[in-house]
Amino acid sequence: MDDHENVSGKDKEMEEFMQLERQKAEVTALLHEFNEICWEKCIGKPSSKLDQATQVCLSNCVDRFIDTSVLIAKRFVEVINGRQ
Amino acid sequence: MAATAPAAENVELMSQVKQQIALANAQEMLSKMTEKCFKKCIHKPGKTLDASEQRCISQCMDRFMDSWNLVSRTYGNRLQRDHYKGAADMAD
């Protein structure tokens, strides 16, 4: 059928679009999680701006959370493989 | 290489999907903001929200968005750092 290539072209485009949007949504969900966790760690009483110390805390928090995540993933593999 | 325009049939659907995702994100933001700012600002729930509570909530909302922006930026920087570090490691 004449249309065959055209149809799969459209579908492939949609598929790639959906995959990209899915990835973007995953990142956004991750940011919500970081923001929630680090807000709890770093924000005391809300004031007229985020002072320097709070900004540093939030920034460090995100990086340390990622480091923790990486470390746990690595160690978990070791534990699963039988090593302590 | 120039990007080609999406197929006409897909434009509408793509737009709808983007809108729905943006809406879901906004709802999540509002939900979290409400929870966090209630916790920070309302200590003994009274008959109304008094002026200081309203002020606190307003500031809290702004700080929450500031926090979101900073967290986004930090994450973006981290991805770049890891990307370039990975590339450098492979080049050795």
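How many residues does the contact take from chain B and from chain A?

Modeller: The model is a predicted one. In it, 30 residues of chain A and 32 residues of chain B take part in the contact. Between them the two chains bury about 3,200 Å², and carbon and sulfur atoms account for 65% of that area.

Charged groups also take part. The rule finds 8 salt bridges across the interface of chain B and chain A. Glu36(A) forms a salt bridge with Lys36(B), and their closest N and O atoms are 2.9 Å apart.

The nonpolar side of the picture can be followed through the largest nonpolar core, which has 23 residues; Leu31(A), Phe34(A), Leu58(A) and Val62(A) touch the most other members. Both chains supply elements that give two or more residues to this core: helix H1 (4-42) and H2 of chain A, and helix H1 (8-41) and helix H2 (51-91) of chain B. H2(B) gives the most, with 7 residues.

Leu58(A) deserves a separate word. Leaving aside neighbours within four places in sequence, Leu58(A) is in contact with Ser67(B) and Leu70(B) from chain B, and with Cys38(A), Trp39(A), Cys42(A), Ile43(A) and Leu50(A) from chain A.

For contrast, one may turn to Ile80(A), which is found in helix H2 (residues 52-80) of chain A. Ile80(A) counts as exposed because its relative accessibility is 58%. Together with Ile72(A) and Phe76(A), Ile80(A) makes a nonpolar surface patch of about 350 Å².

Note on methods. Residues are numbered from 1 along each chain as its sequence is written. Chains are lettered from A and ligands numbered from 1 in the order in which they are written. This is a predicted model: local features need pLDDT of at least 70, side-chain atom pairs count only at pLDDT 80 or more; totals for chains, interfaces and linings use all residues. Side-chain values use heavy atoms; hydrogens and water are left out. Patches are made of residues with over 30% relative accessible area and no salt bridge: like charges are joined within 9 Å, nonpolar side chains (Val, Leu, Ile, Met, Phe, Trp, Tyr) within 5 Å. Accessible areas come from the Shrake-Rupley method with a 1.4 Å probe; for residues, only the protein chains shown count as cover. A salt bridge is a side-chain nitrogen of Lys or Arg within 4 Å of a carboxyl oxygen of Asp or Glu. Helices (H or I, at least four residues) and strands (E, at least two) are DSSP runs, numbered from the N terminus. Buried means under 20% relative accessible area, exposed over 50%, partly exposed in between (1.4 Å probe, protein chains only). A nonpolar core is a set of buried Ala, Val, Leu, Ile, Met, Phe, Trp, Tyr and Cys residues joined through side-chain atoms within 4.5 Å. Contact means heavy atoms within 4.5 Å. Buried area is the accessible area (1.4 Å probe) that two parts lose on being put together, summed over both.
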